[in-house]
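Thank you all for coming; please have a look at the structure on the screen, and I will then go through it slowly.

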Amino acid sequence: MSSGSGQTGAGAPPEKRELRLGIIPLSDCAPLVVAREMGFFAEQGLDVSITREASWANVRDKVQLGALDGAQMLGPMPLAGTLGVVSPRKPMVTALTLNLNGNAVTVSRRLYERLCRTDPEAMARRPITAHALRRVIEADRRQGAGPLTFATVFPVSGHTYQLRYWLASAGIDPDRDVRLIVIPPQFVAANLEEGRIDGFCAGEPWNGFAVARGAGCSLISSYEIWNNGPEKVFAVTEDWAQRHPATHRAVLRALLHACRWLDADGANRRSAARLLARPEYVGVDEDVLAATLGGEFRDGIAARPRRIPDFTVFSRYAANFPWRSHGLWFAMQMERWGQLDMDAAVDEAVARTYRPDLYREAAADLGLPAPQADWKEEGVHAGGWQLETATAPIPMGADRFFDGAHFDPNDPAACLRGPGVGADGV
Amino acid sequence: MAARILLIEAKDRRSRALEQALTDAGFEVVASVDERDDLYARMTELAPDAVIVDAELPSRDTLEHLAQLGRRFPRPIVMLADEDDPQVSLEAARAGVSAYVVDGLAPATVRSLVNVAIAHFQAHDALRSELGRVQQSLEQRKAVDRAKCLLMERQGIGEEAAYQRLRKMAMDRRLSLYELARELLD
């Protein structure tokens, strides 16, 4: 496909050709790895070095300090930067979501067996709620036992909000009834085995890794918690975006290509698993990576893998569009769990951070359809539907929350008033 | 009283050198632990004034969470209100070292602590890993270039056409450009 045309922006040469982009070793760093390895960056005239970073804190600092041009980030991270939530305050921009879904909640075998003994009925239903867990926690409390410990990967992350959402929906107060800590995902399996933690919410391949080691059982995927919720994003600083508009646009085009490639067929997903298995990227067994990338969820419970075709979505359902409503949902979670100052200018920060305008330019360069609205409701569709308010109709996926909640961006705080929400609602 | 420092270094790369350098500079190193240690337990029992961590370790994300839990836990230097010099943070990030300090530690002490750590890391790990990364990327680029030249010679086509053909072959065979290049060159 030709990358150049006479249009402004699309044809403008990148201000900077040599870029350093950061990734964290996870299945969903695939778009950046694929864009480099399959030549999509090169096709846009970019010479990209991918650097594997050790922590999300490193990724954030290096992008904010200019040691990296841009990076794969946790969904709420750029907004947290703009707002200064658990982060130095520095305006950040995301114009592209890298994937939807891709995480899961996994518990130790020991806790899983206890859950089944305590409430076999609740544990037989799918998706699995935290009701059995609540009964275990109540029993522990009666006996004066200490709280169970659950780990996520970063304080401001989809994982943290998904785990808290799942716990709270069963009436568990994540701040009082359990101990929530942060453990890097490559260590969670070992921590489960050593009994230092009882469960975790992390991205792939680390659930599959823990299950393959016999250390844990995966109770629920993030797809089941929120069908097609946003996961990782590509982010740069606002300052970088302003100084490198053509470069940014070229990176977005390359990533759009890579994401389309990843969703084109199952064989490409297997190739991606092979690439990611290399030591310089994720360095985990190809077979473990290939499972959830191929929609097979090995939960360690069912004898055969559960088929979840949308376990990780890279392109379909307008996956890459930076919905401002997704940003608003993250802001509501920050507020719900006390991370946000009451006087924070949320709407302004969301509009400043999420840049659908930049996405639309890049999509138009490639002749791809793009949504025309910046906002959408969540928790409305149980199955596939068609987005008509787009430059051409776009097939969309389900957008349900597992507790049946509805998120209306015109009344975002309503999601904070629902039953079972927050410490006061339970 | 000397500031009390907790060191977090990689299990397989731990050396007494940084500990010695910090002690020489007047700091008290209360413990040196590795990335597998239970940081929640250590931080609570030791209550260090500052933490120096090898930024190549994922442990930073745990420290970020601890910093959230209250003022008694050290916070990242990039978040210090009086940190008016981003250059130090940038140097630290480039050197592969990260520092967390409690409120109230004198800025001059923080500066001195970070400088000692930067000097140590610059001399050791960071350089090595950076070099490895650059060399690898260079080697891959060279292989793709050589494969491109090979195609241009063999098939008498231009550079752009050779590159496009390489890409198509790589895609058809589901290989990365580098993998295909290596195969062609063998």
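Predicted model: local features only at pLDDT ≥ 70, side-chain atom pairs only at ≥ 80, totals over all residues.

Let me begin with one pair of residues: A:V93 stands opposite A:V236, which lies in strand β11 of chain A. The partner strand here is β4 of chain A, residues 92-97, joined by five bridges to β11(A), residues 232-237, and the two run antiparallel; strands count as paired if DSSP finds at least two bridges between them. Strand β4(A) is mostly covered, with six of its six residues buried, where buried means that 20 or more other C-beta atoms, placed from the backbone, lie within 10 Å of the residue's own.

Residues are numbered from 1 along each chain as its sequence is written, and chains are lettered from A and ligands numbered from 1 in the order in which they are written.

Now to chain A as a whole, whose secondary structure comes to 19 helices and 16 strands, these being DSSP runs, H or I of at least four residues for helices and E of at least two for strands, numbered from the N terminus. Of the 426 residues in chain A, 58% are buried. The C-alpha trace of chain A spans about 70 × 45 × 40 Å along its principal axes.

What about the place where chain A touches chain B? The contact takes 30 residues from chain A and 30 residues from chain B, two residues being in contact if their C-beta atoms, placed from the backbone, lie within 7 Å. On the side of chain A, the elements that give two or more residues are β2 (47-52), α3 (56-65), β8 (179-182) and α14 (266-276), and the largest share, six residues, comes from α3(A).

That helix, α3(A), packs against α3 of chain B, residues 60-68, at an angle of about 85°, with their axes 7 Å apart, the axes being lines fitted to C-alpha atoms over the stretch in contact, and angles running from 0 to 180 degrees between N-to-C directions. The helices α3(A) and α3(B) are therefore roughly perpendicular to each other, a word used for angles of 65 to 115 degrees. Their contact is made by A:W56, A:A57 and A:N58 of α3(A) together with B:R60, B:D61 and B:E64 of α3(B).

Conventions:
Buried ≥ 20, exposed ≤ 12 C-beta atoms within 10 Å, placed from the backbone. Parallel < 35°, antiparallel > 145°, perpendicular 65-115°, else oblique.
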